[in-house]
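Work through the exercises below with the sequence and the structure open beside you. Try each task before reading its solution.

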Amino acid sequence: MGFSKRGAAEIVLAVTAVVALLQFSHAAVYKVGDSAGWTSIGNLDYKQWSAIKTFQVGDIIRFEYNAQFHNVMRVTHPMYKACNASAPLATYTTGNDTINITTKGHHYFICGAPGHCQAGQKVDINVLRTSETAPTTAPEGSTAASVPSAGSPAPSPSSGNSLRASKGSLITKLCLAMAGFAVFVSGFY
């Protein structure tokens, strides 16, 4: 039984779709502040919250908050340090904002409501290189906005390997090899 060129094209398309789904399934979803969410109430330490996470390119950062009292602003490092909300790089106001991290490095977010950033409602999402160690988090289904890095230096490399990243790379290579084989085989028929 042979493959037609159309059959090979369908296989390539199917393999490409599988690769795309597998790559997305390796993204972790982090809810900022965990169960407390994005708030200025209580003694939530967002610096401590982000320090125990290992973020990677492709991860999704979710901000859940009361949109009547809060917002999310992506800012530069100097704006983050000074709690300056006058010219944010991006502003999110839905109360349920998801941001797809597309670059490594630091991503700075603050609440632009008066006094909230100064009270600690700000977070530095430090995205590591894919070769660094990362914990896994169960993905949640959501639509995400893509955000490039805020232009800070990237973290230094470590000797650890990311199981999540290595699995994704292996699966991608395997699927691409299968697609190449399908195209090769279809050339004989």
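A salt bridge is a side-chain nitrogen of Lys or Arg within 4 Å of a carboxyl oxygen of Asp or Glu. The model used here is predicted.

**Exercise 1. Find which residues form a salt bridge with Glu64, and decide whether they belong to one network.**

Step 1. The side chain of Arg62 meets that of Glu64, with N and O 3.8 Å apart. This counts as a salt bridge because the cut-off is 4 Å.

Step 2. Glu64 also forms a salt bridge with Lys31, at 3.1 Å from N to O. This pair links distant parts of the chain: Lys31 is in strand β1 (residues 29-31) and Glu64 in strand β3 (residues 60-64), 33 residues apart.

Step 3. Now compare accessibility with the cut-off: buried means under 20% relative accessible area. Arg62, at 9%, is therefore buried. Lys31, at 24%, is partly exposed, and Glu64, at 27%, is partly exposed as well.

Step 4. Salt bridges that share partners join Lys31, Arg62 and Glu64 into one network.

**Exercise 2. The structure holds three salt bridges. Describe the one between Lys53 and Asp34.**

Step 1. The closest N and O atoms of Lys53 and Asp34 are 3.6 Å apart.

Step 2. Locate the partners. Lys53 is in the loop between α2 (46-51) and β2 (55-56), while Asp34 is in the loop between β1 and α2. The two residues are 19 apart, and the pair links distant parts of the chain.

Step 3. Lys53 has 18% relative accessibility and so counts as buried. Asp34, at 36%, counts as partly exposed.

**Exercise 3. Which residues touch the most other members of the largest nonpolar core, and which element supplies its largest share?**

Step 1. The largest nonpolar core has 21 residues. Those touching the most other members are Val32, Trp38, Ile61, Phe63, Val123 and Ile125.

Step 2. At least two residues of this core come from each of α2, β3, β5 (90-92), β6 (96-101) and β8 (122-128). The largest share, three residues, is supplied by β8.

Step 3. Look at the surroundings of Val123. Beyond its neighbours within four places in sequence, Val123 is in contact with several residues, among them Val32, Trp38, Phe63 and Tyr80.

Step 4. A second, separate core has eight residues, including Met79, Tyr80, Ile110 and Cys117.

Step 5. The general rule is that, in soluble globular proteins, nonpolar side chains tend to be buried together.

**Exercise 4. Is Cys111 buried or exposed, and which residues is it in contact with, leaving aside neighbours within four places in sequence?**

Step 1. Cys111 is found in the loop between β7 and β8.

Step 2. With 2% relative accessibility, Cys111 is buried.

Step 3. Apart from neighbours within four places in sequence, Cys111 is in contact with Trp38, His70, Asn71, His116, Cys117 and Gln121.

Step 4. Take Trp38 from this list. Cys111 and Trp38 are 73 residues apart along the chain, and their C-alpha atoms are separated by 8.5 Å.

Technical notes. Residues numbered from 1 in each chain as written. Predicted model: local features only at pLDDT ≥ 70, side-chain atom pairs only at ≥ 80, totals over all residues. Heavy atoms only, no water. Helix = DSSP H or I, 4+ residues; strand = E, 2+ residues; numbered from the N terminus. Buried < 20%, exposed > 50% of the residue type's maximum accessible area, 1.4 Å probe, protein only. Core = buried A, V, L, I, M, F, W, Y, C linked by side-chain atoms within 4.5 Å. Contact = heavy atoms within 4.5 Å.
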